[in-house]
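Please examine the sequence and the three-dimensional structure shown below. The paragraphs that follow lead through selected features.

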Amino acid sequence: MLRIAVPNKGTLSQPASQMLRDAGYRQRTDPKDLACRDEANHVEFFYLRPRDIATYVGSGDLDLGITGRDLLVDSGVPASEVLDLNFGGATFRWAAPADSDITADAIGGRRIATAYPGVVERYLAERELKADVVRLDGAVENAVRLGVADLIADVVETGATLRQAGLVTFGEPLLRSSAILIGRPDEEAAGAAQLVRRLQGVLVARSYVMLAYDVRADLLDEATGLTPGFESPTVSPLHREGWVAVQAMVPRRDVHRIMDELYELGARAILVTDIANCRL
């Protein structure tokens with residue numbers, strides 16, 4: 001039976017469970033439950049602290065897990081990233097006092113406060129830099145004001161909290177994180193490939209819609225140029241002579257523009273349908 005770790009709380013918990021449901025897996029109904037067996041799919045889910053998931057998977061005690069890329073990097077364990085799940089995005093940035101002369105090239109030898117020492121230490125090691133990394137569990141923004149550090153490394157969204165502490169970001173991001181599926185470092189567990197295909201199907205379904213429309217046959221090449229589909233669109237003759245019906249998957253973010261262009265071209269009966277899941 002495949003053994004999978006799922007975040008038990010935090011911003012990744014609900015989206016992770018919903019994605020697994022969308023992929024056809026049973027999930028816990030009580031948020032206090034620590035495990036859930038899906039006998040039909042031969043899978044058992046364990047609900048763990050997000051920070052601990054990489055440790056369990058990296059040790060081989062669990063086969064797969066859903067956690068943040070930042071938490072995987074911070075853990076330092078040899079689990080492997082299998083699939084980006086495209087939710088739970090976060091950006092790690094450097095920040096220092098607004099009147100400071102610190103730059104990304106001059107962080108060596110400084111005191112750096114962070115709640116993610118593993119992320120910072122990997123960044124420093126990759127660039128052969130040395131610095132004093134001060135680990136804090138929270139309120140990192142106060143570290144400079146209190147004299148604990150010269151700069152900080154933390155997740156930055158709007159930057160409002162930083163500005164309140166008199167800090168500004170500088171340099172390129174240390175890390176762009178999102179929720180990921182991770183696997184054991186040694187070998188792929190039996191059944192893992194099926195889970196990955198199902199999750200990939202959910203990702204595609206969330207990014208694409210099915211577009212159907214009618215168009216004159218002499219305009220078909222121009223119309224399908226706008227809607228090429230994955231391999232090719234489905235084209236069927238209509239009872240109305242000289243017209244055809246077309247179906248194709250198109251990116252959700254572009255669907256309104258494509259509908260407008262099809263209408264201007266002469267297509268009619270343009271319909272959009274959500275895709276619940278797919279296999280490509």
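Which exposed residues does the face of H9 turned away from its buried side carry? They are His 256, Asp 260 and Glu 264, where exposed means over 50% relative accessible area, buried under 20% and partly exposed in between (1.4 Å probe, protein chains only). The model is a predicted one, in which local features need pLDDT of at least 70 and side-chain atom pairs count only at pLDDT 80 or more, whereas totals for chains, interfaces and linings use all residues. Residues are numbered from 1 along each chain as its sequence is written, and side-chain values use heavy atoms, with hydrogens and water left out.

Helix H9 spans residues 255-265, and within this helix Val 255, Ile 258 and Leu 262 are buried. These residues lie on the same side of H9 because they cover an arc of only 60 degrees around the axis, the arc being that of the directions from the helix axis to the C-beta atoms. Helices (H or I, at least four residues) and strands (E, at least two) are DSSP runs, numbered from the N terminus. The cover over the buried residues of H9 includes strand S12 (208-216), helix H8 (220-226), strand S14 (243-251) and strand S15 (268-274); contact here means heavy atoms within 4.5 Å. Just after H9, Gly 266 adopts a positive phi of about 125 degrees.

Aromatic rings are considered next. The structure holds 4 aromatic pairs; rings of Phe, Tyr and Trp (its six-membered ring) pair if their centres lie within 6.5 Å, and planes under 30 degrees apart count as stacked, over 60 as edge-to-face and the rest as tilted. One of these is the edge-to-face pair of Trp 94 and Tyr 123, with 5.2 Å centre to centre and 75 degrees between the planes. This pair links distant parts of the chain, since Trp 94 belongs to strand S6 (residues 90-97) and Tyr 123 to helix H4 (residues 117-126), 29 residues apart. Both Trp 94 and Tyr 123 are buried.

The rings of Tyr 208 and Phe 230 form a tilted pair, because their centres are 4.9 Å apart and their planes are at 50 degrees. Tyr 208 counts as partly exposed at 23% relative accessibility, and Phe 230 counts as partly exposed at 43%.

Two arginines also sit over tyrosine rings: Arg 28 lies over the face of Tyr 47, at 4.1 Å from the ring centre, and Arg 198 lies over the face of Tyr 25, at 4.7 Å. A charge sits over a ring if NZ of Lys or CZ of Arg is within 6 Å of the ring centre and within 35 degrees of the ring normal.
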